[in-house]
Amino acid sequence: MTLVIDDLSFAYGDVTALENIAVEAVPGRLTAIVGPNASGKSTLLRCIIGSLRPGRGRALLDGVPTRHLRPRIMARRMAYVAQRSAVSAAFTVTEVVELGRYALPPSRRLVEQAIARLDLADVAHRSYAALSVGQQQRVMLARAVAQLEGAGYLLLDEPTSAMDLRHQRDTMTLIRELVGEGVTVLMVMHDLTAAAVEADVAWLLQSGRLVAAGLTSEVLTESRLREVFNVPFEWLESASGGRRLAPITSSRGGG
Amino acid sequence: MSGRRTRLITGMAALGIGAAALAILSILIDRAPGGVVSLAWPAASYARFRLTALAVGVIVGSALAVSGVLLQALLRNPLASPFILGVSNGAGLGVMVAMYLSFAWRGTELGQLGQTGPAVVGALGTLSVVYALGQRRGWLDPVSLVLIGVVVSTICGAGIMFFQHLVPTGLRGQFTTWIMGHLPQGTSGSMLLICGTITLAALVLSMCLGRAMDAATLGDDEARSIGLSIGPLRLGMFFLAGLLAAMTVTLAGPIGFVGLIAPHAARLVLGPRHTALVPGAALCGVILVVGSHAGSRLIDVGAGQMPVGIFTALIGGPAFIWLLLSGRGQS
């Protein structure tokens, strides 16, 4: 299975959001899509799933433009979680997770498994609307996990942004497990440390252009991040031996 | 048996029994000229009229409710109702224009049967305009639909007032009676058959769309990603909802609040899943319209039988405010 972004450009009216993006997803790997605000990360995901019509170029899934694939066919190969998800009905958590099986044969086992993997068993029968935003993010991720069977593509737009630290860690562990099971994950991330530590591959965007794509260690370099984010970065060593990418503040003598 | 299934069966049975009881009651209520109310099976000559009004009530109640469910799903807005698309004011403008032309050309009043054609033309014409203008990037857009619907409805309202200004005072009274909404007793059998068939077909079709409407409660991108073709679904829901609303206006005039309240009442009993919600809302719509009809025949304020539209508004208005204040209208 291949996912190729072929010279893709997109504009919201007169405002260019993506320009000549050409890159190929690495199968069975976690790819972090990083970049400053308004660099086109979310727009790129929406072009890939076929929600937005590119002005030029296309996203090809196994050689077929995703825009031309019927949603039912797409749903068997690709799941997506938006940055902000709303449900305009008073569904319970289980009912929302079951929506992941809309175009696929119903499977109570996969739904229950997804609920358990996202640590949602305690709230499975509660109303989705009554949950915190972080819990809602986990529900939507469970919905996408219930949709995937084996290898496929999982597109995530900042899926842990409202989660507490424990659930951020657990969710990243789950995503790594999914990658281990053969799922190809494309994930918009703002936490550069998490991107550097967890992702295998990184796509770095700036003002709608792809600045670099490749192994995370080669893309997220201090010099390139300084250039793209206009802030100097450095790797900090913790007492436990871990490393963290952090912007250098003026009080610490940085530029 | 799972709790969900038990809830569905008992809820649906309760609504069915309630609707049947009110239907029988509306036939049996008899008001003597002195105002004394009794319950008795009417003489054959009266029974036909009462059964006709009941049939209109069942069709209008269920059609408005199904239309409401479709529109609330289409617009992702639990406070949407069939007339938000401007259908009632469009039909009203059609009737008012016909009244004016009948008066201006022939110097006569427009008969009740003569209102049907103009109401259909007005309602469907309004729907067409709202459909044409309520699109963004080639697909129906919920926010644009609501805004265009409100604006077109307001323009039609201004048109109604303009033609009311042109006709004599007596004709204004005829229009006022029409716009209050009532269940006519003289509707032809063929008209009832056509409208009944349309309503039943729309009900079954809407139930078939139930799972798709569940999926459409997600945002557009996520709904597409789980396999839903959102554009064709919206188109189908728009035309089904519009057709049902237009049909009810031609049958009984604009009867407000049924399409708003009936879906919520059904949600309280059956839950939010659309496959069960559609028939449940249809039963709630029947209960509301037929119950209001029975109520209007029970209560005599000295000015003849009260139009059923006033009754549904008196029930629906406070219920709407309760929905808003209780927060149930938010989800």
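## Chain B: contacts and overall form

In this predicted model, 78% of the contacts in chain B with a separation of 6 or more are accounted for by residues 24 or more positions apart. Of the 331 residues of chain B, 47% count as buried. The secondary structure of this chain comprises 13 helices and four strands.

The C-alpha trace of chain B spans about 60 × 50 × 40 Å along its principal axes. A compact globule of 331 residues would have a radius of gyration near 20 Å, and the 20 Å computed for chain B therefore agrees with that expectation.

## Contact between chains A and B

Chain A contributes 24 residues to the contact, and chain B contributes 18 residues. On the side of chain A that touches chain B, α2 (71–75) and β6 (78–81) of chain A each supply at least two residues. By class, that side of chain A consists of 16 nonpolar, six polar and two charged residues.

## Helix α1 of chain A

Helix α1 of chain A covers residues 41–48, and seven of its eight residues are buried, so the helix is largely enclosed by the rest of the structure. The buried residues of α1(A) are Lys41(A), Thr43(A), Leu44(A), Leu45(A), Arg46(A), Cys47(A) and Ile48(A). In an α-helix, residues three or four places apart point the same way, because there are 3.6 residues a turn.

Just after α1(A), the backbone at Gly50(A) adopts a positive phi of about 90°.

Note on methods
Residues are numbered from 1 along each chain as its sequence is written. Chains are lettered from A and ligands numbered from 1 in the order in which they are written. This is a predicted model: local features need pLDDT of at least 70, side-chain atom pairs count only at pLDDT 80 or more; totals for chains, interfaces and linings use all residues. Two residues are in contact if their C-beta atoms, placed from the backbone, lie within 7 Å. Ala, Val, Leu, Ile, Met, Phe, Trp, Tyr, Cys and Pro count as nonpolar, Asp, Glu, Lys and Arg as charged, and the others, Gly among them, as polar. The radius of gyration is taken over C-alpha atoms; the globule rule is 2.2 Å times the number of residues to the power 0.38. A residue is buried if 20 or more other C-beta atoms lie within 10 Å of its own, exposed if 12 or fewer, and partly exposed in between; C-beta atoms are placed from the backbone.
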